[in-house]
Amino acid sequence: MEFILEPWPWYVSGFLIALVMFLLLMMGDRFGMSSNLRTLCTICGAGKKTSFFDFDWKSQKWNLLVMIGAIIGGFIAAHFLSNSSGVDISLETIKDLQQYGINSSENSYLPTEIFGLYSIKNIVLLSIGGFLVGFGARYAGGCTSGHAISGLSNLQLPSLIAVIGFFMGGLFMIHVLFPFIF
């Protein structure tokens with residue numbers, strides 16, 4: 001039973017993701033979390049205002065179930081199937097984070113200094129970050145899961161370009177902007 005409380009090796013998760021992608025390809029479907037936002041807007045009636053949201057959302061029910069399953073699975077894994085240890089990262093990275101006042105990296109997956117405190121600064125930063133991630137996903141025609149997992153498994157050139165852009169944006173954020181913010 002101890003193996004379920006420990007982080008699984010990359011090759012287990014990678015194999016399971018590849019298996020799901022193979023099954024979706026065989027069924028002719030595509031996976032993507034951000035496409036569920038379009039489906040949710042359609043369910044709420046946005047199709048009456050904008051043609052982008054006017055589509056048969058019932059054909060995407062399976063994708064909604066994947067999203068709900070990911071939320072429930074993440075909650076169960078974080079609260080009941082975790083040994084409450086932090087991420088196994090290098091000492092150099094831990095020292096770098098401590099220079100910015102982030103000391104919880106050895107104890108939690110999300111830095112409590114950013115996600116655990118409800119200060120005005122954190123709320124503004126998380127709101128701006130959420131807006132930029134949502135805008136970027138919409139502008140790129142999909143999110144990281146849609147492009148990196150589904151798009152690359154379909155050998156889509158736009159997904160490769162989007163994934164390169166996501167990585168470049170992440171590197172720019174952590175090496176250029178992060179020191180100014182924290």
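The largest pocket is lined by 46 residues, and Gly129, Val133, Gly169, Gly170 and Met173 lie nearest its centre. A pocket is an open set of points on a 1 Å grid over the protein atoms alone, where a 1.4 Å probe fits, with protein on both sides within 12 Å along at least five of seven lines; lining residues have an atom within 4 Å of a point. The model is predicted: local features need pLDDT of at least 70, side-chain atom pairs count only at pLDDT 80 or more, and totals for chains, interfaces and linings use all residues. Residues are numbered from 1 along each chain as its sequence is written, and side-chain values use heavy atoms, with hydrogens and water left out.

**Largest pocket**
- Its volume, the space filled by probe spheres set on the grid points, is about 1,500 Å³.
- α3 (35–43), α5 (91–99), α6 (112–115), α7 (120–139) and α9 (157–181) each give two or more residues to the lining; helices are DSSP runs (H or I, at least four residues), numbered from the N terminus.

**Second largest pocket**
- This pocket holds about 660 Å³ of space.
- Its lining has 21 residues, with Ala77, Ala78, Leu81, Ser82 and Tyr109 nearest the centre.
- α4 gives the most to this lining, with 5 residues.

**Helix α4**
- The buried residues (under 20% relative accessible area, 1.4 Å probe, protein chains only) of α4 are Asn63, Leu64 and Met67.
- Seen down the axis of α4, these fall within an arc of 115° (taken from the directions from the axis to the C-beta atoms), so they line one face of the helix.
- The buried residues of α4 pack against α3.

Key
Buried means under 20% relative accessible area, exposed over 50%, partly exposed in between (1.4 Å probe, protein chains only). Contact means heavy atoms within 4.5 Å.
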